[in-house]
Amino acid sequence: MGSPFDVTVAEMRRRTSLKWHTYPDDVLPAFVAEMDVQPLDAVVTAVTGAMLAGDTGYEVGPASPLGTAYAEAFAGFAARQHGWDVPVDRTRMVPDVMLGIVEVLGILSRPGDRVVISPPVYPPFRGFLEHAGRQVVTAPLAPDGRLDLAALDRAFAGASAYLLCHPHNPTGTLHTADELRAVGELAARHGVRVVADEIHAPLTVGDEPFVPTTTVIPDAISLHSASKAFNLAGLKAAVAVPGPAADDLARLPEIVGHGVSHVASIAHQAAYREGDAWLGDVRAAVRANGDLVEQTLAERLPQARWVRPAATYFAWLDVRATPAVVSSGTDPARLLLLHGRLAVNSGPTFGPQGAGHVRLNLATSREILGDALDRLVTTLAARS
């Protein structure tokens, strides 16, 4: 069987989503978290069947006997992938991970409260928190890219919650059980509640295991979805999972579930139940693409620095020392767009700690990634 990333640029340009229709056709997109991937057959079958049957109504709520179908599918997946016993009856469905985070923080904090994040981190964290009326406080990652406990200790003073990214986006770091335990102890000392975005949890691409936050921090709440691992961002659905000491989801308003797409739920359930082998192929392809990045940078752009991700399908590249950046002082993402016609994520959008960095999407074919790397190297190796 070939790679699920066996796709061409022509095939991708027939898609009408954000990744392939933000820029002109001479720009190669390698930015937003969409995969250039052939869809999982089980998802296609499930969604097609729902459409043919007219099963396009509302998603069932928690009062229905079918109200835990999504959580049950996720629980089976989590048990196989992570050895995690998900408390199905205590979960709640939410429209997607970010909206779910806002709703969970709505019962754990009040408008005006301080919520801590650890940049460089997924840019919408700040936007969603500010839109929800929370004050954003930062506890940046340590220079080695791991959680900085001293910074968290300072930031937790007077805060209500900590929005943890696990695996961390953009660095691809997996937090260890010891790190999570230390975070939990700090949070308990300060009266801070931990809410974990674990949307990239299935995308482990190294030897480290994913440790679910709620198995280490008992009063934490995590958010999960099949959207990233199975390329279903346009089919929105997610589930909030409480730790054993978190009873808060019982207070989540019933109307929150009204935003869940029924067809999306059907798609995600199919992915969780039947997508293990497909996901294994995706992870293998991402690892192989990581090898290509490593080899290319070592041979052609040794000034670039990166730490291979333990999870996600991103390469977080430190290109501050490359000739083009040194000579121009320009944001490398801008250089790459203007001179390389390559669209990557700009590091500073993840926080000021991202200056001189770019995030490159690895979830694509070898040919497309090879083209992206050639544009990146050619542009950044040149002195302006």
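**View 1. Strand 11 meets strand 12 in this predicted model.** Let us start with a pair of strands: strand 11 and strand 12 (residues 357-361) run in the antiparallel sense and are joined over two bridges. To find your way in, look for S346, whose bridge partner in strand 12 is V358.

View 2. As background, strands of a sheet pair through backbone hydrogen bonds, either parallel or antiparallel.

**View 3. Helix 5 packs against helix 6.** Here helix 5 (residues 97-108) and helix 6 (residues 124-131) have their axes 10 Å apart, at an angle of about 45°. The two helices are therefore oblique to each other, and helix 5 passes helix 6 in a right-handed crossing. Helix 5 brings M98, L99, V102 and L105 to the contact, while helix 6 brings P124, F125, F128 and L129. By type, the residues of this contact are eight nonpolar, no polar and no charged.

**View 4. Helix 7 packs against helix 8.** Helix 7 (residues 149-156) and helix 8 (residues 177-190) pack at about 20°, and their axes lie 10 Å apart. An angle under 35 degrees counts as roughly parallel, so helix 7 and helix 8 are described that way. Helix 7 makes a right-handed crossing as it passes helix 8. On the helix 7 side you will find L149, L152, D153 and F156; they meet A182, V183, L186, A187, R189 and H190 of helix 8. The residues of this contact divide into seven nonpolar, one polar and two charged.

Conventions. Residues are numbered from 1 along each chain as its sequence is written. This is a predicted model: local features need pLDDT of at least 70, side-chain atom pairs count only at pLDDT 80 or more; totals for chains, interfaces and linings use all residues. Side-chain values use heavy atoms; hydrogens and water are left out. Axes are lines fitted to C-alpha atoms, for helices over the stretch in contact, and angles run from 0 to 180 degrees between N-to-C directions. Helices (H or I, at least four residues) and strands (E, at least two) are DSSP runs, numbered from the N terminus. Angles under 35 degrees count as roughly parallel, over 145 as roughly antiparallel, 65 to 115 as roughly perpendicular and the rest as oblique. A crossing is left-handed if the near helix is turned anticlockwise from the far one by less than a right angle, and right-handed if clockwise. Contact means heavy atoms within 4.5 Å. Ala, Val, Leu, Ile, Met, Phe, Trp, Tyr, Cys and Pro count as nonpolar, Asp, Glu, Lys and Arg as charged, and the others, Gly among them, as polar. Two strands pair if DSSP finds at least two bridges between them.
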